[in-house]
Amino acid sequence: MKQFLALCFALSLVLGMNAVAFAKKNDEILRPVTAIGADAYLYDEEMSAVNLAEPVSGARYGATFYYPLLSQSLDSGAGEMISVAQTLLSQRRETVREITARYEDAQQEAEAKAAVLQAAELLAEEGEAVLTDARTEFQAAEKQVTQLSQELADAEALLNKARQALEALSLSQIHFVHESEAVDGIKIKSKWDEVSHPVSQVAIEKHKVTGLATDQKYLYFLAVETQPGDRTEAGDLSGTIQLRKSGSFDYDEMQLQVGLTLAHPQAESPVIPTKPAIFTEGVGFSGDAREEFTFEADPDSYFIVNTLGQSELLIGATSDFDPAIAERYPQANLRFFSGNGAAFNKVGTLYLAAEENSFVYQVDADGALHPVDAEYDEWDGTFAIRTKMLGRYVISDIPLPV
């Protein structure tokens with residue numbers, strides 16, 4: 001009898017331990033999604049992670065925006081504190097932006113005053129008063145830059161404190177979702193305010209994160225991928241995304257209101273980037289009878305064209321490998337040049353860097369190849385192609401059957 005009771009006691013201990021372990025496991029793993037983060041974040045290519053340090057309200061066309069999935073355990077007081085901290089962070093972030101803009105304007109003004117001062121110094125013998133006025137204005141501009149520099153440093157310090165305060169509150173009250181069971185079977189429905197909305201897809205994705213201390217390195221996000229735009233003006237992306245899940249970790253429909261601005265950056269120099277930028281006279285090119293553009297993706301190639309009177313253009317070009325074309329010609333060693341199709345007003349000359357005995361083909365909209373009759377410049381090591389459009393080209397070391 002004693003042996004039987006001892007066996008029952010031992011068995012109850014084992015079952016009790018297993019129950020505790022199971023409960024602990026559930027507590028650690030089974031955490032459902034209860035909210036979608038209201039702020040959008042971008043993927044940092046250098047860090048190979050979603051940057052949670054800086055929420056964004058807009059980006060270039062073709063960007064993917066990430067909204068973290070959350071599991072909140074908030075009482076009303078903690079929720080209110082986090083809301084206040086979020087508002088404060090937003091206000092201080094806006095203050096930093098405003099002071100940064102003023103600081104940059106002051107820097108430009110100081111540079112202009114410095115140029116005036118330099119010119120006045122050269123003419124000092126002819127007019128001492130001009131030099132005195134120029135020196136006074138330059139000193140005032142320099143003083144403004146110094147003052148704004150300190151204001152900016154103070155504003156950034158306050159911004160960091162607000163960010164740290166919010167981070168501390170969030171970590172104590174909000175859990176970021178990292179468990180696969182919490183997102184398996186999620187159904188997504190989205191509705192956009194514009195008929196021709198620039199969204200490619202909406203999906204649940206797991207990514208490494210940076211910029212914020214979290215208990216997990218990889219978290220789940222609602223990812224909104226936008227389409228590359230071919231328009232030069234900024235566009236608003238607004239709409240509603242709904243999530244629903246049934247089965248384990250089921251929850252009622254939750255909703256996210258999306259409000260973002262998409263735009264292409266203005267080019268700063270006649271270097272054509274891999275991701276399209278807007279080029280206008282004075283911003284991106286000077287307006288010259290022989291304007292020369294180089295390429296970020298292929299610095300040995302360049303394009304010369306008359307840009308006098310040229311209207312605004314959206315330009316980009318890559319040298320990305322095209323596996324679909326390469327698969328058709330497995331014996332060839334191929335190089336690719338892919339412009340975004342930007343068309344200039346005047347015919348120019350595209351100089352594509354290549355070996356002298358190479359063969360050049362243009363790629364049409366259907367992916368078909370057409371031989372290009374181009375002269376080879378031995379001095380530059382380039383093929384010269386007369387065109388007004390930055391199209392797609394393939395350079396091969398052997399002739400290709402087309």
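## Confidence in the model

What pLDDT does the protein chain average, and what share of the residues score at least 70? The average is 82, and 82% of the residues reach at least 70; pLDDT is the predictor's confidence in each residue, from 0 to 100. Over residues 1-27 the value falls below 50, and this stretch has 1 contact in the model beyond near neighbours in sequence, where contact means heavy atoms within 4.5 Å. Where pLDDT is low, the predicted coordinates should not be read in detail.

A few ground rules before the tour. This is a predicted model, in which local features need pLDDT of at least 70 and side-chain atom pairs count only at pLDDT 80 or more, while totals for chains, interfaces and linings use all residues. Residues are numbered from 1 along each chain as its sequence is written, and side-chain values use heavy atoms, with hydrogens and water left out.

## The chain as a whole

The protein chain has 4 helices and 25 strands. Of the 402 residues, 38% count as buried; buried means under 20% relative accessible area, exposed over 50%, and partly exposed in between, with a 1.4 Å probe and protein chains only.

Among contacts between residues at least 6 apart in sequence, 69% join residues at least 24 apart. The chain exposes about 23,200 Å², and carbon and sulfur atoms supply 51% of that area. Accessible areas come from the Shrake-Rupley method with a 1.4 Å probe; for residues, only the protein chains shown count as cover.

In soluble globular proteins, nonpolar side chains tend to be buried together. Here the largest nonpolar core has 27 residues, and those with the most contacts inside it are Ile36, Phe65, Tyr67, Leu69, Trp192 and Leu222. A nonpolar core is a set of buried Ala, Val, Leu, Ile, Met, Phe, Trp, Tyr and Cys residues joined through side-chain atoms within 4.5 Å. Strand 5 (64-72), strand 8 (199-210), strand 9 (218-226), strand 10 (235-245) and strand 11 (251-262) each supply at least two residues of this core, with the largest share, 5 residues, coming from strand 11.

Apart from this core lies another, of 25 residues, among them Ile272, Phe337, Phe383 and Tyr393. Not counting residues up to four places away in sequence, Tyr67 touches residues including Ile36, Ala38, Phe221, Leu222, Leu256 and Leu260.

Strand 13 (residues 277-281) runs antiparallel to strand 17, joined by 3 bridges, with Ile278 opposite Leu314 and Phe279 opposite Leu313.

Strand 13 and strand 14 pair in the parallel sense over 2 bridges, and Thr280 stands opposite Gly284. Because 4 of its 5 residues are buried, strand 13 is largely enclosed by the rest of the structure.

## Strand 21 and its partners

Strand 21 (residues 359-363) runs antiparallel to strand 25 (residues 392-396) over 5 bridges, and Val360 has Ile395 as its bridge partner. Strand 21 is also antiparallel to strand 22 (residues 369-371), with 3 bridges, and Tyr361 stands opposite Pro371. The hairpin of strand 21 and strand 22 has 5 residues between the strands, and there Gly367 takes a positive phi near 90°.

## Aromatic pairs

The structure holds 9 aromatic pairs. Rings of Phe, Tyr and Trp (its six-membered ring) pair if their centres lie within 6.5 Å; planes under 30 degrees apart count as stacked, over 60 as edge-to-face and the rest as tilted. The rings of Phe293 and Phe344 have centres 5.6 Å apart and planes at 55°, so this pair is tilted. The pair links distant parts of the chain, with Phe293 in strand 15 (residues 291-295) and Phe344 in strand 20 (residues 343-353), 51 residues apart. Both residues are buried.

Tyr376 and Phe383 form an edge-to-face pair, 4.9 Å centre to centre with 65° between the planes. Tyr376 is partly exposed at 24% relative accessibility, whereas Phe383 is buried at 6%. Ring pairs also link Phe279, Phe285, Phe293, Phe303 and Phe344 into a cluster.

Conventions:
Two strands pair if DSSP finds at least two bridges between them.
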